[in-house]
Every structure is written in structure tokens, then in C-alpha cells.
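Work through the exercises below with the sequence and the structure at hand, and try each task before reading its solution.

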Amino acid sequence: MSRNIQSVRGMNDILPDEAELWERFEEIVRSWLKSYGYRPIRLPIVEPTPLFARAIGAVTDIVEKEMYSFVDSLNGEPLTLRPEGTAGCVRAAIQHNLAAERPQRLYYSGPMFRHERPQKGRYRQFHQIGIEALGFTGPDIDAEHILMGARLWDDLGLDGIRLELNSLGQPEERARHRAELIEYFEEHEELLDEDARRRLHSNPLRILDSKNPAMQELIAGAPKLADHLGPESLAHFEGVQRVLRDVGIPYTINPRLVRGLDYYNLTVFEWVTDRLGAQGTVCAGGRFDGLVAQLGGKPTPACGFAMGVERLIALLSEGGGAPTALPVDAYIVHQGEAASRLAPRVAEGLRDQGLDVLLNCGGGSFKSQMKKADASGAPFAVIIGDDEANAGEVSLKPLREFGKGDGEFGSAQTRIAIDALAEAIIQSLLDEDES
Ligand code: ATP
Ligand code: MG
């Protein structure tokens with residue numbers, strides 16, 4: 001057993017090789033969000049504990065057993081590390097009167113915390129990127145969110161992520177269904193597992209979401225919510241589906257899709273892959289028209305979704321098609337008093353021109369510095385000895401075979417005036433791009 005301190009179980013370090021992939025992912029996500037007109041909102045990681053009980057529901061998995069809650073030792077306030085983003089986002093929207101003037105399209109991103117059993121695709125600190133649209137009533141915005149998902153998978157080069165869709169109707173419709181469900185499960189109480197028995201009267205809808213194989217047959221025969229949906233709920237659901245059909249987004253209706261959070265109504269959906277084992281849901285969301293009012297705001301219709309970043313990153317790296325980060329443009333090798341004083345200025349000069357530069361730090365022989373330059377993946381080494389430094393010049397050495405092989409520099413190194421260096425590198429990179 002190691003005496004060194006380790007990270008908290010289920011809370012992971014993301015090391016540079018992987019973090020670069022995260023950043024690439026985040027770049028793609030940002031421009032995707034922008035292309036739909038969604039704007040960022042940045043929210044605290046810690047919120048008052050009652051927010052989550054009120055928003056998510058007291059008898060949900062999250063609130064019952066997954067929250068990291070503690071008491072602020074200074075003032076006794078009950079606080080919780082956010083387990084999801086919607087509650088905080090809605091709290092902020094109410095607090096700052098965000099949706100009063102006009103509807104809002106918002107997104108958030110960052111770590112979430114749930115005290116679950118860690119396993120592949122399920123962690124105690126994980127990351128979500130979520131969007132929320134506040135103030136829109138019609139099915140068009142629900143459909144927009146689904147189209148967004150489809151486009152993102154495409155932008156990321158991911159395939160095999162399928163869409164499951166359901167309608168939870170309105171609270172009254174659910175209440176009637178709920179009563180029928182309780183009756184049905186009571187009749188078969190001997191077939192219920194412990195979890196289901198506990199939920200039978202508190203949250204019977206959640207029994208439908210059970211992953212216990214022994215209960216699947218019972219669940220399959222349970223009364224369907226769909227049979228309780230009135231004309232308005234059905235019209236909304238049909239409105240969403242019409243857009244999906246028009247745009248050509250395949251989906252399946254999964255009547256057992258109920259989502260683990262209490263705040264949903266009407267549309268709910270999940271994007272699911274078979275490539276991640278049991279943790280196959282990469283994105284989930286739906287409509288939650290009641291939540292703003294439930295948290296004390298002026299009644300405001302709303303819908304949104306959250307995606308699990310770890311699961312998407314796993315898909316990306318598994319596919320092998322993960323875009324890798326580009327190396328820097330040049331590595332600066334320098335030795336000698338005058339050269340080493342000049343080197344940082346040369347590096348800054350190149351960065352002024354927009355180039356990415358690694359400056360050799362920590363000394364070393366020319367040979368060992370050239371090895372590091374090679375290992376960096378940079379296409380160029382800029383070599384400075386005192387000889388060059390005293391002449392106001394550097395040597396530029398291509399480190400890779402350039403496409404045409406007849407570039408200005410061949411593969412040998414060339415002496416070049418410092419003033420002309422950036423231009424020479426940029427020109428070679430452009431030529432390389434074209435070839
Ligand atoms: P699950 O059924 O997998 O527990 P959930 O319904 O609790 O999911 P949501 O609250 O809807 O999940 O969160 C949205 C997404 O966030 C999930 O679809 C998943 O991709 C991701 N996610 C949720 N919990 C975790 C976790 N503990 N670790 C990693 N990702 C998670
Ligand atoms: Mg969960």
C-alpha cells in the first residue's frame with residue numbers, strides 16, 4: 001500500500017494526452033453551440049442543499065443517496081456539490097430575472113458530483129455540458145435540441161448513437177397513470193425487488209426504469225402512460241416527431257423512458273450507444289415546464305439536455321478517430337551566453353506573429369536539445385549558437401520531410417536573419433498546407 005496521497009475514489013485526473021482530446025472536444029462543442037445561438041452561463045459548483053431536493057425531487061436516486069452534502073462550518077448552512085446543472089441554472093435565471101424579457105437559450109459546462117459506485121463511464125466527479133431553453137412552449141424547441149444532438153455526433157465523427165424518445169405527458173395524466181401503476185404492482189408485489197417495493201408508493205414510475213433483469217417481464221406488462229395522454233400532450237409529441245421525420249432523424253419511441261429526475265413533463269429523450277456497456281446513455285434531456293415555478297419563479301416553460309463528457313470522450317478515443325492536438329510550429333535550441341539571452345526574444349517575436357513555440361529550457365548539449373526538438377513534433381528547429389547570435393541571425397532546420405521536398409530550405413539548415421524568421425516559417429507552413 002502506498003503512503004502517497006491518491007485522488008479521491010471516482011474522481012479522476014485528466015492527464016495531458018487525454019486533456020488535449022478534451023480541449024479539442026470542447027472547441028467543437030463551442031462552435032456547435034454558437035451555431036445554434038446558445039449563450040454561456042457560468043454557475044457555482046456549490047449550491048444550497050434544499051435547491052436540489054426541491055428541483056430534482058426528494059425521492060430520486062440523486063437526492064436520496066448520491067449527493068455530496070455538508071454543512072458550512074462557519075454558518076451552519078447546508079450545502080451540496082452540484083449533482084447536475086439544471087437546478088442551478090434555473091435558480092440563477094430566477095434570481096437574475098433572465099427569462100422575463102425574452103426567451104433564453106443557455107448552456108453550461110463543468111464538473112458534477114454524485115456519490116455512486118465508480119465503474120467505467122460512471123464516476124463521482126464527472127463532467128456535463130448542458131443546454132437549457134427558457135420561455136419556449138412549442139414542440140419546435142424540443143425538436144431543435146434533438147437536432148442539435150444529431151449534429152454534434154456528426155461534428156465529432158461519432159456514429160451508432162441512437163435516439164430514444166418518449167412523452168411523459170402532463171402531471172394530471174401522470175397522476176392517473178400512477179394510480180393504475182400502483183394498483184398493477186400491488187397485484188404483483190411478490191415479484192418486486194427491494195428497490196421497487198420502496199418506490200411503490202413514493203415513485204412507482206421509477207420502477208419502470210429498473211435495470212433488474214428479474215423484473216423486466218413484469219415491467220413489460222405494466223400499464224402504459226401513453227394510454228393516458230390527452231390530445232394536447234399527443235399533439236406536442238407529434239409536433240416533435242414531425243420535425244424529426246422532416247429532417248430525417250431516426251428515432252425509436254421507448255415507452256419506458258421516464259428519466260430519473262422528477263421535473264420532466266412531455267418530451268423526454270436519450271441518446272444511447274451500445275459501445276459503452278451498461279453506461280450507454282451519452283446525453284439525456286427533455287421538457288420541464290413546471291420547474292421554474294416550482295423553484296419560486298414566474299411560470300416559464302423550459303427544456304434542455306445534458307451530455308456526459310466522459311462517455312463521449314470514451315467513444316471518441318475508442319473510435320481511434322480522435323483528433324490529436326497539433327504540435328507547436330517551432331522548437332528553439334540555443335547554447336552559449338549570447339545565444340541564450342537572445343533565445344527568449346526570438347521566441348516572443350515568433351509568438352507575436354501568431355506562431356506556437358517551444359523554447360528549450362534547462363540547458364543541455366545541442367545534441368540533446370535537438371532530440372527534444374524532434375520529440376516535440378515541431379516541423380522546425382530554430383538553432384541559435386553564439387555565432388548566429390552575434391550576427392543577428394538564427395539557423396532554421398526543417399525537422400520533417402516537407403511534402404514537395406523542394407522547399408526553400410530543403411532538409412538542410414539555413415542561416416536566416418531574425419527579422420525574416422517568422423515570415424520564412426509561416427511561408428513554409430502555408431506551402432506545406434497546399435501540397
Ligand atoms: P444514469 O442512468 O446513467 O445514472 P442519469 O439519468 O443519472 O444517468 P442524467 O442525470 O440524465 O443521468 O445526466 C445526463 C448524462 O450525464 C447521462 O446521460 C450521462 O451521460 C452523464 N452521467 C450521469 N451520471 C454520471 C456519472 N456518475 N458519471 C459519468 N457520467 C454521468
Ligand atoms: Mg444516475
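**Exercise 1: the cavity**

Find how many cavities of 30 Å³ or more the rule gives, and which residues line the largest one.

Solution. The count comes to one cavity of 30 Å³ or more, where a cavity is a set of points, on a 1 Å grid over the protein atoms alone, at which a 1.4 Å probe fits but cannot get out. The volume of the largest cavity is about 30 Å³, a volume being the space filled by probe spheres set on the points, which are joined across faces, edges and corners. Its lining residues, those with an atom within 4 Å of a point, are N166, S167, K224, L225, A226 and P255.

This is a predicted model, in which local features need pLDDT of at least 70 and side-chain atom pairs count only at pLDDT 80 or more, while totals for chains, interfaces and linings use all residues. Residues are numbered from 1 along each chain as its sequence is written, and side-chain values use heavy atoms, with hydrogens and water left out.

**Exercise 2: F237**

Decide whether F237 is buried or exposed, and name the residues that it touches.

Solution. Begin with helix α9, residues 231–247, in which F237 is found; helices are DSSP runs (H or I, at least four residues) numbered from the N terminus. F237 counts as buried because its relative accessibility is 9%, and buried means under 20% relative accessible area with a 1.4 Å probe, protein chains only. Leaving out residues up to four places away in sequence, F237 touches L165, N166, S167 and I253, contact meaning heavy atoms within 4.5 Å.

Terms used. Chains are lettered from A and ligands numbered from 1 in the order in which they are written. On a 1 Å grid over the protein atoms alone, a cavity is a set of points where a 1.4 Å probe fits but cannot get out, and a pocket is an open set with protein on both sides within 12 Å along at least five of seven lines; lining residues have an atom within 4 Å of a point. Helices (H or I, at least four residues) and strands (E, at least two) are DSSP runs, numbered from the N terminus. Buried means under 20% relative accessible area, exposed over 50%, partly exposed in between (1.4 Å probe, protein chains only).
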